[in-house]
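Please read them with the structure open.

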Amino acid sequence: MIELKHRRDEKVDRASQFLGSVLRKYLPEDCILGPERAQIARLNNLYQFQVLLKLPRGKNYEKFKSLVLLSLKEFDEITAYQSIKKDVFVDF
């Protein structure tokens, strides 16, 4: 799961939509769930959006990991979204 946080709701919403489109460019469509508002939409004055990645079992995870890192690098290149806080949570 990739969680994006920012003080302004509309900025983090646009950023999460952009990240979702970048991830869809590299990963299969059925692997990406979201982006959507977090269960607790605002915490410590930060609005939160989540993108959930559900990878198929038994596949080459290193390949998926490199594609996700490539997507995050492309996301970081956008100067307007550099103030967005990103958290990546991994669960097996």
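Partly exposed, as used below, is the range between buried, under 20% relative accessible area, and exposed, over 50%. The model is predicted.

1. Arg8 and Glu10. Arg8 has a relative accessible area of 41%, so it is partly exposed. Its salt-bridge partner is Glu10, with the closest N and O atoms 3.1 Å apart. Glu10 is also partly exposed, at 43% relative accessibility.

2. Asp9 and Arg37. These two residues form a salt bridge, and their closest N and O atoms are 2.8 Å apart. The pair links distant parts of the chain. Asp9 belongs to helix 1 (residues 9-26), Arg37 to strand 2 (residues 32-43), and 28 residues separate them. Asp9 is partly exposed at 24% relative accessibility. Arg37 is partly exposed as well, with a relative accessible area of 38%.

3. The network. Which residues are linked with this pair? Asp87 joins Glu3 and Lys5 in a network of salt bridges. The total for the model is 7 salt bridges. As background, side chains of opposite charge can pair when their charged atoms come close.

4. The cis peptide. Most residues other than glycine have a negative phi, and most peptide bonds are trans. The bond from Gly34 to Pro35 is cis, with omega near 10°. Pro35 sits in strand 2. Arg37, from point 2, is in strand 2 as well. Please look at this stretch of the backbone.

5. Asn44. Its phi is positive, about 55°, although Asn44 is not a glycine. Asn44 lies in the loop between strand 2 and strand 3 (46-53). With a relative accessible area of 67%, Asn44 is exposed.

6. Asn45. What is its phi? The angle is positive, about 60°, and Asn45 is not a glycine either. Asn45 is found in the loop between strand 2 and strand 3. At 42% relative accessibility, Asn45 counts as partly exposed.

Technical notes:
Residues numbered from 1 in each chain as written. Predicted model: local features only at pLDDT ≥ 70, side-chain atom pairs only at ≥ 80, totals over all residues. Heavy atoms only, no water. Salt bridge = Lys/Arg side-chain N within 4 Å of Asp/Glu carboxyl O. Buried < 20%, exposed > 50% of the residue type's maximum accessible area, 1.4 Å probe, protein only. Helix = DSSP H or I, 4+ residues; strand = E, 2+ residues; numbered from the N terminus.
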